[in-house]
Amino acid sequence: MSADYDAVVYDLDGTLVRLAVDWDAVASDVDDVLQARGVDTAGHSLWDMLELSAQQGHRDAVESAIADHERPGARDSERLPALDELPLDVPVGVCSLNCEAACRIALETHGVEGHVDAVVGRDSLSAYKPDPAPLRALLAEFDVSPSAALFVGDSESDATAARRASMDFQWVRERHSL
């Protein structure tokens, strides 16, 4: 299917690899970071707390707490079948809700960093998925129009980002049984 496109962008965690991250522990650490700064986190999910941290001027501290889990989780990540699609004969990007460093570590860990032309993580831009800006940034770097690109992912956030960016989307489970 990627032969029909001028560029392919993949999500990372759950699509190319599975990071070895205990997301409940991450949420607990982020909660601790925000509570120490006097921010009420009651009833907020991890991603809600990330948004809250940005609104209250604590995003750098929260990003650091999350990345402290993601980087080692990338080193210990599990290779998933979609990673075996690489290399492709078109530009390849990674657009992830994980920090950019974790994306790069996972790609290097699995020996495919040379097959990915660009990476945009959660912390690469001020916006992150499901905002379409990260996908648009990758396509601009590739000089490829959204109608000529495919985004492969595993979440509703991925599907929403692709739709908002006017890109085709494919569920990784349709490409590979995970």
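Biologist: Which residue of strand 7 stands opposite V152?

Modeller: Q170 stands there. This is a predicted model: local features need pLDDT of at least 70, side-chain atom pairs count only at pLDDT 80 or more, and totals for chains, interfaces and linings use all residues. Residues are numbered from 1 along each chain as its sequence is written, and side-chain values use heavy atoms, without hydrogens and water.

Biologist: What makes strand 6 and strand 7 partners?

Modeller: Four bridges join strand 6 (residues 149-153) to strand 7. Pairing takes at least two DSSP bridges, so these strands pair. They run parallel.

Biologist: Where do they sit in the sheet?

Modeller: The open sheet has five strands in the order 5-4-1-6-7, with parallel pairing. Strand 5 (118-120) and strand 7 (168-171) each have a single partner, so one side of each lacks a neighbour in the sheet. The twist averages 20° from one strand to the next.

Biologist: What packs on the sheet?

Modeller: Helix 6 (residues 156-164) does, touching strand 6 and strand 7. Its direction makes about 165° with that of strand 7.

Biologist: Which residues make the contact (heavy atoms within 4.5 Å)?

Modeller: Among them are W23, V26 and D29 of helix 1, and A61, I66 and H69 of helix 3. By class, the contact has 10 nonpolar, one polar and two charged residues.

How values were computed
Contact = heavy atoms within 4.5 Å. Helix = DSSP H or I, 4+ residues; strand = E, 2+ residues; numbered from the N terminus. Nonpolar A, V, L, I, M, F, W, Y, C, P; charged D, E, K, R; others polar. Axes fitted to C-alpha atoms, helices over the stretch in contact; angles between N-to-C directions.
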